[in-house]
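These are my notes from going through one chain and its ligand. I kept them in the order in which I looked things up.

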Amino acid sequence: MNVIEADIKKFSYDGNDKVILKDIELNIKEGELVVISGLSGCGKTTLTRILNGLIPNHYQGQLYGQVSILGKNISQYKNGELAKYIGNVFQNPTDQFFANIVEDELAFVGENLGMELSGLKKRVDDSLSVMGIENLKYRNINSLSGGQKQKVAISSTLVYDTKIIFFDEPSSNLDYRGIVELKNILEQLKSLGKTIIISEHRLFYLNDLYDRFLYMKDGKIEKVFKKGELTEEDCKNYSLRTTNYNFLLSENIDNSQNVVEDIRGVGISIGKKRINKKFKYKLI
Ligand SMILES: Nc1ncnc2c1ncn2[C@@H]1O[C@H](COP(=O)(O)OP(=O)(O)OP(=O)(O)O)[C@@H](O)[C@H]1O
Ligand SMILES: [Mg+2]
């Protein structure tokens, strides 16, 4: 069964004539994991905004074409109704929280979607436990790391048991260990039967997860790769990042490996006033 069917002839944002997307026909099956990649500005985020209904609900523009979600045209959904079926994990999860405390945030999402208060407490606990973050339940969201915030954002999509989850560059604020954890989470969500759509530049952690890989260029889907088809050669040809774990060093993301061991001749000044002498400092 297709959970999303899109036939986008043309899209441009209000106030700008530039055509951002054109001639995109895309159906996504239930339980599929689809990765969308391509150079910065090619339209990945815009496409996901159309597929998840944020366009036209939150971002206005001229959309020529048809999009239906779970068999119903997006224009037939009431305001806010799509949140029952679609969860979003934004690039910077901080943008999507309403409450200060983790438990309140998840409860808020459930209440907002009209869930019965009696069952809500358990749903909140279950959602935290799927992500393994029961220990964060009473924490202030602002005090959490990027990876922890992301897990809270994912948990919040589980409270109502949304069928489709969109991720926009989910690895961008994570270190290597965080990305490996993210990969495990995606595997778990997939095994729960979720449909997952990920816009991403970093590919190594998705290489054995994707069912379909879409390469976008200038607002179009230029090439579609089925499970396992994307090769290193393709990545080079399309200027994509590596799919290979072994080339991780070229991604330069494991910051823990780049420890500064020796600092010499560093001076600190405010305006013209020197506030320390040059020093030599060795870290252990
Ligand atoms: N809200 C907006 N209003 C007007 N133009 C926008 C808006 N959001 C994005 N654009 C424009 O649409 C084009 C595609 O942007 P989009 O964010 O979809 O690309 P992307 O592939 O996700 O890029 P990145 O890899 O940098 O995230 C860009 O030219 C961008 O400037
Ligand atoms: Mg983007």
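I call a residue buried under 20% relative accessible area, exposed over 50% and partly exposed in between, with a 1.4 Å probe and protein chains only. On that scale, buried residues make up 45% of the 284 residues in the chain.

I note the basis before going on. The model is predicted, so I take local features only at pLDDT of at least 70 and side-chain atom pairs only at pLDDT 80 or more, while totals for chains, interfaces and linings use all residues. Residues are numbered from 1 along each chain as its sequence is written, chains are lettered from A and ligands numbered from 1 in the order in which they are written, and side-chain values use heavy atoms, with hydrogens and water left out.

**Entry 1: overall**

I counted eight helices and 14 strands in the chain. Helices (H or I, at least four residues) and strands (E, at least two) are DSSP runs numbered from the N terminus. For contacts I used heavy atoms within 4.5 Å. Of the contacts in the chain with a separation of 6 or more, 64% are between residues 24 or more positions apart. I then looked up the surface, with areas from the Shrake-Rupley method and a 1.4 Å probe, where for residues only the protein chains shown count as cover. The chain exposes about 15,400 Å², and carbon and sulfur atoms supply 47% of this.

**Entry 2: cores**

A nonpolar core here is a set of buried Ala, Val, Leu, Ile, Met, Phe, Trp, Tyr and Cys residues joined through side-chain atoms within 4.5 Å. The largest has 44 residues, and those with the most contacts inside it include Val102, Phe167, Leu186 and Phe213. Among the elements that give two or more residues to this core are α3 (102-112), α6 (176-191), β7 (164-168) and β8 (195-199). Another core, of 28 residues, lies apart from it and has Val3, Ile28, Ile50 and Leu51 among its members.

I followed Phe167 further. Leaving aside neighbours within four places in sequence, Phe167 is in contact with residues including Val89, Ile154, Leu186, Leu189 and Ser199.

In α3 I found Val102, Glu103, Glu105, Leu106, Ala107, Val109 and Gly110 buried. Their cover includes α4 and α5. Just after α3, Gly114 takes a positive phi of about 80°.

**Entry 3: Ser199**

Is Ser199 buried or exposed? Ser199 lies in strand β8 and is buried, because its relative accessible area is 0%. Its side chain makes a polar contact with the side chain of Asp168 at 3.3 Å. By polar contact I mean a pair of N or O atoms within 3.5 Å; within protein, one must be able to donate a hydrogen and the other to accept it, and residues adjacent in sequence count only if both atoms are side-chain atoms. Beyond four places in sequence, Ser199 touches Lys44, Thr45, Thr48 and Phe167, among others.

**Entry 4: ligand 1**

I took a residue as near the ligand if one of its heavy atoms lies within 4 Å of it. There are 15 residues around ligand 1, of which Ser40, Lys44, Thr45, Thr46 and His201 come nearest. Helix α1 (residues 44-51) gives the most to this shell, with four residues.

A polar side-chain atom of Tyr13 lies 3.4 Å from a nitrogen atom of ligand 1. A backbone N or O atom of Cys42 is 3.3 Å from a ligand oxygen atom, and a polar backbone atom of Gly43 is 3.0 Å from an oxygen atom of ligand 1. Taken alone, ligand 1 exposes 630 Å², of which the protein buries 68%.

**Entry 5: backbone**

Most residues other than glycine have a negative phi, and most peptide bonds are trans. Which peptide bond is cis? I found the one from Ile55 to Pro56, with omega near 15°; Pro56 is in helix α2 (residues 54-57).

Asp218 has a positive phi, near 45°. Asp218 lies in the loop between β9 and β10 and counts as exposed, because its relative accessible area is 56%. Ser239 also has a positive phi, near 55°, and lies in the loop between α7 and α8 (248-251).

**Entry 6: Glu229**

Glu229 sits in the loop between β10 (220-226) and α7 (232-237). At 40% relative accessibility, Glu229 is partly exposed. Not counting residues up to four places away in sequence, Glu229 touches Tyr210, Val224 and Asp234.
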